[in-house]
Every structure is written in structure tokens, then in C-alpha cells.
Amino acid sequence: MASLCLTPLPAPPRSQPRKLLEPNSSSSSSSSSSSLNLKPIVVNGNPPTFVSAPGRRIVAVGDLHGDLDQARCALEMAGVLSSDGEDLWTGGETVLIQLGDILDRGDDEIAILSLLRSLDMQAKAEGGAVFQVNGNHETMNIEGDFRYVVSGAFDECIDFLEYLDECTNDWEEAFVGWIGVSGRWKKERKMSQNYWGPLNLVKRQKGMIARSMLLRPGGPLASELAQHAVVLKVNDWVFCHGGLLPHHVAYGIERMNGEVSHWMRGLSESGDSPQIPFLATRGYDSVVWNRLFSRDVSDLEDYQIKQIHSILEETLQAVGATAMVVGHTPQTLGVNCKYNCSIWRIDVGMSSGVLNSRPEVLEVRDNKARVIRSRRDTYSEFQAIDYI
């Protein structure tokens with residue numbers, strides 16, 4: 001069993017800015033022939049902030065909150081994950097964007113992060129890509145706020161540290177490989193559940209220590225999350241968890257992304273502990289907490305709706321985008337758009353720890369968006385609703 005004393009853990013290798021993602025012309029997938037006609041994906045910023053993905057299909061998935069089964073269903077619906085349980089990328093040159101809040105409310109947080117990393121590696125080989133943006137629950141956990149962590153997630157942290165120890169502290173091997181073994185570890189843990197007994201305080205303490213080791217600023221999982229932005233612009237669309245506002249753009253979205261990343265890595269120019277980036281991660285109007293564009297308009301006056309629409313238009317004009325896509329606020333009626341479809345709200349509360357609703361995803365092709373959702377409660381038949 002791995003020691004849980006507070007000793008330094010291996011940090012993931014620091015990623016370099018990704019300039020080009022070249023399609024693999026030797027791929028045998030159905031998309032390989034068309035990839036010869038597409039320009040490569042160009043990524044600017046570290047973490048990625050501005051992405052040019054000419055001719056690519058874009059799919060966006062909202063909050064997942066630790067529910068691996070629902071995450072897989074959503075990715076299968078999006079056409080980027082195989083349905084045979086092998087967790088293979090089937091999206092070809094598709095660009096997949098996940099809008100944060102993978103952490104909290106569910107058991108399999110690290111497994112979902114591992115799955116997305118594995119899919120990104122596979123996607124790059126076919127001319128596609130996977131991007132994530134961090135949400136408020138990612139930043140809360142790095143602050144040490146574990147209020148919404150369920151017992152199964154604490155258990156996963158313990159299991160993952162033991163697996164990391166088995167991998168001789170090779171972070172890349174352990175993190176990428178976790179999705180392939182996490183189910184077995186979880187099953188074995190449940191079989192030995194009686195060893196701990198109900199509400200065992202020692203187990204709880206071990207889980208808290210394990211999570212703190214992984215997610216404190218500079219911890220290996222915090223450093224992994226630091227590779228993702230809080231605001232991402234892909235072609236003419238901007239993606240963030242809560243919502244982007246004009247003063248965020250004026251401050252500089254690449255600057256914000258860099259400050260959040262440095263904080264997560266535990267880095268500071270002065271050598272002291274880095275300050276929490278307030279503009280991006282704290283306050284009701286921060287990027288990860290903002291709900292201005294996601295709220296129900298039925299209880300608003302006409303003048304308030306016009307004001308919000310005006311703020312949205314100002315933001316999009318400032319950042320040079322056609323539309324914004326956000327998560328954060330569960331939409332009980334499913335994925336939808338407002339304000340002339342210049343804002344898309346795609347958090348449907350699919351996790352069993354939230355609403356346990358049927359998964360839905362947003363697809364963008366040639367600047368036209370459509371919602372892909374399951375019919376009734378079966379995931380074998382999909383229904384697409386187009387929005388121009």
C-alpha cells in the first residue's frame with residue numbers, strides 16, 4: 001500500500017505550447033482521406049487559448065461531475081468514443097471540447113480525466129484534438145474546498161496513489177493508464193469494503209490526505225489541470241465554464257489563463273505562494289462562476305433581457321467570436337440557445353450526482369450548431385435538432 005505521508009509526488013511533465021497538430025496521413029480511418037485536404041490545427045497560448053481548426057467538426061460536452069458511465073454515453077453520442085468498451089477515439093478529425101466540472105459529486109473523477117487525456121492522444125494521430133476548460137469545481141478543489149466530494153471520489157484518490165506507486169511514480173504511465181484499470185480497482189475496493197466498516201474515520205482521513213496531495217497547488221493532478229484553460233476560443237466560437245464578460249476580455253484572456261495555470265502549478269515570480277486569480281476564479285462574475293447568460297429569462301423584465309443581450313454582444317465583439325458556449329448551470333429543458341443563438345447553455349446535469357438526466361451534446365459544423373440527444377431513454381438512437 002502506498003504511503004500517504006506528505007512527501008512530494010511526481011509532477012506531470014510541463015507541456016510545451018502546441019503549434020501544429022498534423023493529421024496522420026497513414027491512418028486507415030474513414031477520415032484519413034479527407035484529412036489530406038484540411039489544414040493542420042494551430043494552437044496558440046500555454047495553456048491553449050486560441051485554436052484555429054479549419055474545416056473541423058466541433059463537439060462540446062458539458063459538466064460531467066464524476067459520472068464515468070454518463071460521460072461515456074455523451075462521448076459515444078458525440079461520435080468520438082467507441083461503444084465496445086475499448087475507449088477508442090472514433091472522431092477522426094473532430095475537435096472535442098469539455099467545459100469543466102469533472103470534479104465533485106461523483107466517484108470517477110480521475111478516470112474521466114484519464115479518459116479524456118487518452119482520447120486526446122489518439123485524436124492527434126488522426127488530425128483531431130481534445131480540449132478541456134476548467135470549471136469552478138476544479139478551482140474549488142485546488143483551493144482545498146472539498147465540500148462536494150463524495151466518499152467514492154476520496155476512495156479513488158487513495159486507489160490512484162497506490163496505482164501510481166505500482167507504476168514506480170511514473171505519472172504519465174499511471175495517469176493515462178488509469179482509465180483502463182480504475183474499474184477493477186473500484187470493484188476490488190467494494191469487495192473489501194467491510195474491512196473499513198461504515199463511516200471509518202481512518203479511511204476518511206486517508207482520503208483527505210490523498211486528495212490534498214494530488215490537488216494542492218503544485219500537486220500532480222493540479223499540475224495536470226493547469227494544462228487547460230478557463231477560456232478557449234476555437235475558430236469563431238468561445239468556450240468557458242460560466243461566462244465571459246467585457247472586463248475579462250479587456251484584462252486579457254491569455255493573461256487570465258496563464259495566471260490560473262501558474263496558480264495551479266504553485267508557481268510565483270516572487271517565490272511566495274501564488275495568489276488566487278480572483279478575476280477568473282472568484283466572485284459571482286468571475287469566468288468560472290458567472291451565471292448571467294445561463295439564467296432563466298422567464299423571471300426577467302424586458303429591459304433586463306436587453307441589457308444582458310447587449311453585454312453578450314459587447315463581449316463577443318471584443319473577443320472576435322460569433323457565439324459563446326457555457327456550462328455551469330443545469331438546463332432542465334436540455335441544451336438550448338438564447339439571445340439569437342449567440343449563447344449556448346450545454347450543462348444538462350447529466351451526472352447521477354446532479355440531475356441524472358439524459359446526456360446531450362452540441363455539434364458545430366461550418367458555424368451551424370445542432371443539439372444531439374437521445375430519444376426517450378435509449379442511447380442507441382440519436383436525435384439531432386438543428387439551429388441556424
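Analyst: Start with pairing: two strands pair if DSSP finds at least two bridges between them. Helices (H or I, at least four residues) and strands (E, at least two) are DSSP runs, numbered from the N terminus. This is a predicted model, where local features need pLDDT of at least 70 and side-chain atom pairs 80 or more, while totals for chains, interfaces and linings use all residues. Residues are numbered from 1 along each chain as its sequence is written, and side-chain values use heavy atoms, without hydrogens and water.

User: Which residue in E12 is the bridge partner of Ile58?

Analyst: Val364 is that partner. Strand E12 (residues 360-365) pairs with E4 in the antiparallel sense over three bridges. Strand E5 (residues 95-98) also pairs with E4, but in the parallel sense, over four bridges. There, Val61 has Gln98 as its bridge partner.

User: Are the residues on the two faces of E4 buried or exposed?

Analyst: In a regular strand the side chains alternate between the two faces of the sheet. Buried means under 20% relative accessible area, exposed over 50%, partly exposed in between (1.4 Å probe, protein chains only). In E4 (residues 58-61), Ile58 and Ala60 are buried on one side, and Val59 and Val61 are buried on the other.

User: What does Asp87 touch?

Analyst: Contact means heavy atoms within 4.5 Å. Leaving out residues up to four places away in sequence, Asp87 touches several residues, including Arg72, Leu115 and Ile179. Asp87 sits in the loop between H2 and E5. Its relative accessible area is 11%, so Asp87 is buried. A polar contact is a pair of N or O atoms within 3.5 Å; within protein, one must be able to donate a hydrogen and the other to accept it, and residues adjacent in sequence count only if both atoms are side-chain atoms. The side chains of Asp87 and Arg72 form one, at 2.9 Å.

User: Which backbone angles stand out?

Analyst: Most residues other than glycine have a negative phi, and most peptide bonds are trans. Asp104 has a positive phi of about 75°, and Asn356 has one of about 55°. Asp104 is buried, at 0% relative accessible area; Asn356 is partly exposed, at 49%. The peptide bond from Asn46 to Pro47 is cis, with omega near 5°.

User: Where is pLDDT below 50?

Analyst: pLDDT is the predictor's confidence in each residue, from 0 to 100. Residues 19-34 fall below 50, and residues 376-381 stay under 50. Where pLDDT is low, the predicted coordinates should not be read in detail. The protein's mean is 89.
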